[in-house]
Amino acid sequence: MSGTLYLIPVPLGPGQAAETLHPDVLATLRPLTHFVVEQAKSARAFLKAAGTDHPLQELRLEELNEHTRSGDIERLLAPLRAGHDVGLLSEAGCPAVADPGADLVALAQRENIRVAPLVGPSSLLLALMASGLNGQRFAFHGYLPAKEAERHKALGELESESRRRQQTQLFIETPYRNQALFAAILRACRPDTRLCVATDLTLPGESVRTRRIGEWMKEAPPDLERRPTVFLLLA
């Protein structure tokens with residue numbers, strides 16, 4: 001019989017394993033010896049904080065990230081096929097959501113390998129919960145284009161779709177480009193459109209603020225520099 005692929009959530013900030021992960025998640029994680037991770041160095045730091053039943057040097061960590069060739073992903077299923085349980089870790093939050101681990105989950109599903117998602121923090125749902133925007137109809141769009149003209153067009157399309165469907169639009173950016181994205185939203189969207197900026201969720205500096213674009217334009221811009229942030233729009 002094949003093993004189980006456990007989708008193990010990771011805290012949204014360092015040193016939070018005990019505070020943000022359920023004891024059952026930690027109990028499932030600790031006996032595992034095989035992991036697929038986004039970055040081995042940060043994964044080891046998380047596993048050390050979470051605690052394992054084995055010395056760190058005995059754990060087998062395979063990387064799956066944006067540099068992994070599509071043809072190399074299938075070999076990551078080998079421990080599962082051999083009957084070992086495997087833990088899939090993202091850099092933060094829930095694996096396979098805006099995360100390259102989704103490709104491994106797709107292969108596991110294709111081979112009828114059991115996939116078990118574990119409970120943990122999701123910045124997207126936490127932001128939606130606290131935004132005051134429409135939680136009945138929403139869509140996540142990942143990263144918007146980095147080039148200014150393409151980004152401006154994408155924001156206009158998201159705003160139009162939000163107005164037509166009364167749908168909350170969620171998207172993210174690489175933290176060092178957050179300030180540029182915030183400024184682009186103010187330029188692209190109408191004054192009455194609502195924008196929520198959710199930053200450092202579950203961390204000491206957590207901030208979730210929803211304002212209309214016209215109101216944001218009258219305030220000093222929030223400090224988003226290198227701080228994980230989710231943006232939410234509702235026209």
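Start by selecting helix H7, residues 123–131: Leu124, Ala127, Leu128 and Ser131 are buried there (under 20% relative accessible area with a 1.4 Å probe, protein chains only). Helices are DSSP runs of H or I with at least four residues, strands are runs of E with at least two, and both are numbered from the N terminus. Look down the axis of H7: its buried residues fall within an arc of 100° (taken from the directions from the helix axis to the C-beta atoms), so they line one face of the helix.

This is a predicted model, where local features need pLDDT of at least 70 and side-chain atom pairs count only at pLDDT 80 or more, while totals for chains, interfaces and linings use all residues. Residues are numbered from 1 along each chain as its sequence is written, and side-chain values use heavy atoms, with hydrogens and water left out.

What do the buried residues of H7 pack against? Select strands E6 (138–143), E7 (168–172), E8 (194–199), E9 (207–212) and E10 (229–234). These 5 strands form an open sheet with mixed pairing, in the order E6-E7-E10-E8-E9; two strands pair if DSSP finds at least two bridges between them. At the edges sit E6 and E9, each pairing on one side only.

Now zoom in on E8 and E9, an antiparallel pair with 6 bridges. Thr199 stands opposite Ser207 in E9.

Finish with helix H8, residues 148–165, which packs on the sheet and touches E6, E7 and E10 (contact is heavy atoms within 4.5 Å).

Terms used:
Buried means under 20% relative accessible area, exposed over 50%, partly exposed in between (1.4 Å probe, protein chains only). Axes are lines fitted to C-alpha atoms, for helices over the stretch in contact, and angles run from 0 to 180 degrees between N-to-C directions.
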